[in-house]
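Take a walk along this protein chain. Keep the sequence and the 3D view side by side.

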Amino acid sequence: MGIGDPTAPQDMVKRTTVTFEDELYAQVEALAASEQRTIPNLLVYLAAKAVREYGDAQSGEGSK
């Protein structure tokens, strides 16, 4: 089970509320539909991806 794993046990799942401006919400909604995902599923996927990429970028900075 990794970050963003939808099969994680319920005691390992955290919930939050996010507020979007209308334009951004419409873009997220369209992207979720194009990926055949729910909006919450897409947001978890994107958050996990961003955290991984941020960690990779931070790891790369130390080796310069």
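How far apart are the end C-alpha atoms of helix α1 (residues 22-34)? They are 18 Å apart. Helix α1 has 13 residues, and at 1.5 Å a residue it should span 18 Å, so the two values agree. The expected span is 1.5 Å times one less than the number of residues.

Now the ground rules. This is a predicted model: local features need pLDDT of at least 70, side-chain atom pairs count only at pLDDT 80 or more, and totals for chains, interfaces and linings use all residues. Residues are numbered from 1 along each chain as its sequence is written, and side-chain values use heavy atoms, with hydrogens and water left out.

Step back to the whole chain. The protein chain has two helices and zero strands. Both kinds of element are DSSP runs, numbered from the N terminus (helices: H or I, at least four residues; strands: E, at least two). Of the 64 residues, 9% are buried. Buried means under 20% relative accessible area, exposed means over 50%, and partly exposed lies in between (1.4 Å probe, protein chains only). The accessible surface is about 5600 Å², and carbon and sulfur atoms hold 54% of that area. Such areas come from the Shrake-Rupley method with a 1.4 Å probe; for residues, only the protein chains shown count as cover.

Leave α1 and you meet Gln36. Gln36 lies in the loop between α1 and α2. Its phi is positive, near 55 degrees, although Gln36 is not glycine. Most residues other than glycine have a negative phi. Gln36 is also exposed, at 77% relative accessible area.

Next comes Tyr45, in helix α2. Tyr45 is partly exposed, with a relative accessible area of 34%. The charged end of Arg37 sits over the ring of Tyr45, 4.4 Å from its centre. To count, NZ of Lys or CZ of Arg must be within 6 Å of the ring centre and within 35 degrees of the ring normal.

Which residues form the structure's one salt bridge? Glu53 and Lys49 do, at 3.8 Å from N to O. The rule asks for a side-chain nitrogen of Lys or Arg within 4 Å of a carboxyl oxygen of Asp or Glu. Both residues lie in helix α2 (residues 39-62), four residues apart, about one turn of the helix. An α-helix has 3.6 residues a turn, so residues three or four places apart point the same way. Glu53 is partly exposed at 46% relative accessibility. Lys49 is partly exposed too, at 33%.
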